[in-house]
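Please examine the model shown below before reading on. The paragraphs that follow lead through its fold, its aromatic contacts, its salt bridges and its pocket.

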Amino acid sequence: MRESRRRVGMRNRRWILGRVGEWWACVWLCCLGYRIFRRNWRCKAGEIDIVAMSVTSVFFVEVKTRWRRLRHHGSCLVPFAQRRRIVRAAEVFLAQFSRETMDRTIDFTIVEIVVSPWPRLQMKRDAYRGEDQ
């Protein structure tokens, strides 16, 4: 019983860490001049953490939040299957919101947030391409 409680507590901490990271990413993207169009957008194909827009582009943002820095970049933490789900969800999103996204380039972006010892954000634009999936 104690083990299952520990797992549930760990899941809650990870969920909270993820939500806090998404909030930091939204604030940071707004400071960079992007407009947050949707957060945690879901469809049958998958989920997109953040959909942000600039004047010329639509950004499908995957947020990776960690307590401490790892040796490799956050893009390594997005496996191929997850990238494929994000790309499929992005296709559904673009079809559903075609009027708002018309004539804009598409960019799949990863925002990595390292919380400890202080929050640091790193953005990798065009981390992967939709047609490669």
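**A walk through the predicted model**

F37 is buried, at a relative accessible area of 13%, where buried means under 20% relative accessible area, exposed over 50% and partly exposed in between, computed with a 1.4 Å probe on protein chains only. The model is a predicted one, in which local features need pLDDT of at least 70 and side-chain atom pairs count only at pLDDT 80 or more, while totals for chains, interfaces and linings use all residues. Residues are numbered from 1 along each chain as its sequence is written, and side-chain values use heavy atoms, with hydrogens and water left out.

The protein chain holds three helices and five strands, taken as DSSP runs numbered from the N terminus (helices H or I, at least four residues; strands E, at least two). Read from the N terminus, the order of elements is α-β-β-β-α-α-β-β. Of the 133 residues in the protein chain, 37% are buried. One of the residues in helix α2 is A90, which is buried with a relative accessible area of 1%. A90 lies 8.8 Å from A45, C-alpha to C-alpha, although the two are 45 residues apart in sequence.

The aromatic contacts may be taken next. Rings of Phe, Tyr and Trp (its six-membered ring) are paired if their centres lie within 6.5 Å; planes under 30 degrees apart count as stacked, over 60 as edge-to-face and the rest as tilted. By this rule there are nine aromatic pairs. The rings of F37 and F97 are edge-to-face, because their centres are 5.4 Å apart and their planes stand at 90°. F37 belongs to strand β1 (residues 35–43) and F97 to the loop between α2 and α3 (98–101), so this pair ties together parts that are 60 residues apart in sequence. Because F60 lies in strand β3 and F93 in helix α2, the contact ties together parts that are 33 residues apart in sequence. Both F60 and F93 are buried.

How many salt bridges does the model contain? The count comes to four, with a salt bridge defined as a side-chain nitrogen of Lys or Arg within 4 Å of a carboxyl oxygen of Asp or Glu. One of them joins E22 and R19, at 2.8 Å from N to O. Both residues lie in helix α1, three residues apart, about one turn of the helix. E22 is buried, with a relative accessible area of 6%, whereas R19 is partly exposed at 24%. Another salt bridge links the side chains of E62 and K64 (3.8 Å, N to O). Here E62 is buried at 5% relative accessible area, and K64 is buried at 12%.

A further salt bridge is formed by D107 and R125, whose closest N and O atoms are 3.2 Å apart. D107 lies in strand β4 (residues 105–114) and R125 in strand β5 (residues 120–128), so the pair ties together parts that are 18 residues apart in sequence. D107 is buried, with a relative accessible area of 6%, while R125 is partly exposed, at 43%.

The last topic is the largest pocket. A pocket is found on a 1 Å grid over the protein atoms alone, as an open set of points where a 1.4 Å probe fits, with protein on both sides within 12 Å along at least five of seven lines; lining residues have an atom within 4 Å of a point. The largest pocket has a volume of about 560 Å³, the volume being the space filled by probe spheres set on the points, which are joined across faces, edges and corners. Its lining consists of 20 residues, of which R14, W15, G18, T65 and R66 are the closest to the centre. The elements giving two or more residues to this lining are α1 (2–31), β2 (46–53), β3 (57–66) and α2 (80–96). Helix α1 gives the most, with eight residues. By class, the lining has eleven charged, six nonpolar and three polar residues; Ala, Val, Leu, Ile, Met, Phe, Trp, Tyr, Cys and Pro count as nonpolar, Asp, Glu, Lys and Arg as charged, and the others, Gly among them, as polar.
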